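Please keep the structure at hand while reading.

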Amino acid sequence: MAFRKRTKPMEGATVQEQDKFVAMVTAKASVTLPLSDFHPVSMLASPKHEPQTPRFPAIDYHNHLDAQDPAEVLRIMDACGIEACVNITMKTGDEAIAQIDRYRAANPKRFFSIGWMDWSGADNPDFDAFIRLSIERLERLAARGIVGFKIWKDLGLTVRDSSGELIRIDDERLAPIFDRAGELGLPVMVHIGDPEAFFLPIDAQNERYEELAAHPDWSFYGAQYGKGELLKQRDRVFQRHPKTTFVGAHIAENSEDLARVTRMLDENPNVMVDISARASELGRQPYRAREFFLRFADRILFGADLVPDEKMYRLYYRFLETADEYFEYPTHASGQGRWMIYGLYLPDEVLRKVYRENALRLLAPWM
């Protein structure tokens, strides 16, 4: 005789009523609604605050404005309380110079530029010649007034030398570039790797499935170096060049693991981080994120890394300044994940540093 496994019956309930209850709470639906068409409206009734401008004037230390109209960007900055904006040009050579000049002409007190590493020639059999050329390129940009220099994730993931081997982030042959940036007083912004999900299969367990489905070329699943190894290589660069200031973009590209970022910052006093495009990650762990901001208030920079827009900036202000719960995060069109965020209600002394004062320390030579 077969016996059915039962949960403990509800007190006073008949067996038939208990079976109905179990069926109700364990039921699963087979739905045909496409995930991309599912846009639930929250029924949560909670306080809502929408700051139109930041508590203190803000400096957007991380944006990409090459494709934007400076006049329109200025209009948005004025509407949203943005004092200055740093354009990280993604151009190199003469095109980079043109972008630097274009934004300086628009307003030299409100626009600043960070240069971009040019890897053309990295496959030269004479790698020393490439390093000399790279330093010449860096010095040319510095003479044109850049306020920093960016190393992007192509290093460690796609850039190869003449042997066809990937160039490691901590390749000692690159040391003269980092040293020269330090001598020129140029902070080096580093974006190595990407969110953890970008190194995992694009499947039903990937929390950023929709974003990666829209941008499959963003996936690094199966890359020669995994995310953890890339971060170890990067950290060795930080340690080797203590006289060079580094800015770890996107919370040092490890916002899912603030404990690791904390250890890295403790071990490397020459490193700062920016929050660009990571309100989505920080805002879903508000308790830990708030502790992180309070501890490293002197080393966190405000940045957007999103096309300048009034709504985008104001969502950042809501995230940093209010105690609002369960609201959308600033993002690009395809989103980053199916979750909401919570405000950090940071104190004024922290907001003042994150919004403006920390960036001013880096920008002072050019202000």
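## Nonpolar surface patch

Val31, Leu33, Leu35, Phe38, Ile202 and Tyr209 make a nonpolar surface patch of about 540 Å², where a patch takes residues with over 30% relative accessible area and no salt bridge, nonpolar side chains (Val, Leu, Ile, Met, Phe, Trp, Tyr) being joined within 5 Å. Areas come from the Shrake-Rupley method with a 1.4 Å probe, and for residues only the protein chains shown count as cover. Val31 has its place in the loop between α1 (15-26) and β1 (58-63), helices (H or I, at least four residues) and strands (E, at least two) being DSSP runs numbered from the N terminus. Val31 counts as exposed because its relative accessibility is 62%, the classes being buried under 20%, exposed over 50% and partly exposed in between.

The model is a predicted one, in which local features need pLDDT of at least 70 and side-chain atom pairs count only at pLDDT 80 or more, while totals for chains, interfaces and linings use all residues. Residues are numbered from 1 along each chain as its sequence is written, and side-chain values use heavy atoms, with hydrogens and water left out.

The protein has 13 helices and eight strands, and its C-alpha atoms fill a box of roughly 85 × 50 × 40 Å along the principal axes. Of its 367 residues, 48% count as buried.

## Pockets

The largest pocket holds about 1,100 Å³ of space. On a 1 Å grid over the protein atoms alone, a pocket is an open set of points with protein on both sides within 12 Å along at least five of seven lines, a cavity is a set where a 1.4 Å probe fits but cannot get out, and lining residues have an atom within 4 Å of a point. Grid points are joined across faces, edges and corners, and a volume is the space filled by probe spheres set on the points. Among the 38 residues lining the largest pocket, Phe327, Glu328, Tyr329, Trp339 and Met340 lie nearest its centre, and α6 (209-214) and α12 (310-321) each supply at least two residues of the lining.

The second largest pocket has about 560 Å³ of space. Its lining comprises 27 residues, with Trp152, Lys153, His191, Trp218 and Asp305 closest to the centre.

## Cavities

Helix α7 (residues 227-240) gives the most to the lining of the largest cavity, with three residues. The second largest cavity, of about 30 Å³, has among its lining residues Glu172 and Arg240, and both α5 (175-183) and α7 supply at least two residues there.

## Salt bridges

The structure holds 34 salt bridges, each being a side-chain nitrogen of Lys or Arg within 4 Å of a carboxyl oxygen of Asp or Glu. Glu172 and Arg240 meet in one of them (3.8 Å, N to O), linking the loop between β4 (148-151) and α5 to helix α7 across 68 residues. Glu172 is exposed at 61% relative accessible area, whereas Arg240 is partly exposed at 37%.

Asp235 also pairs with Arg260, with the closest N and O atoms 3.0 Å apart; Asp235 lies in helix α7 and Arg260 in helix α9 (residues 258-267), so the pair ties together parts 25 residues apart in sequence. Both Asp235 and Arg260 are buried.

Technical notes
Patches are made of residues with over 30% relative accessible area and no salt bridge: like charges are joined within 9 Å, nonpolar side chains (Val, Leu, Ile, Met, Phe, Trp, Tyr) within 5 Å. Buried means under 20% relative accessible area, exposed over 50%, partly exposed in between (1.4 Å probe, protein chains only).
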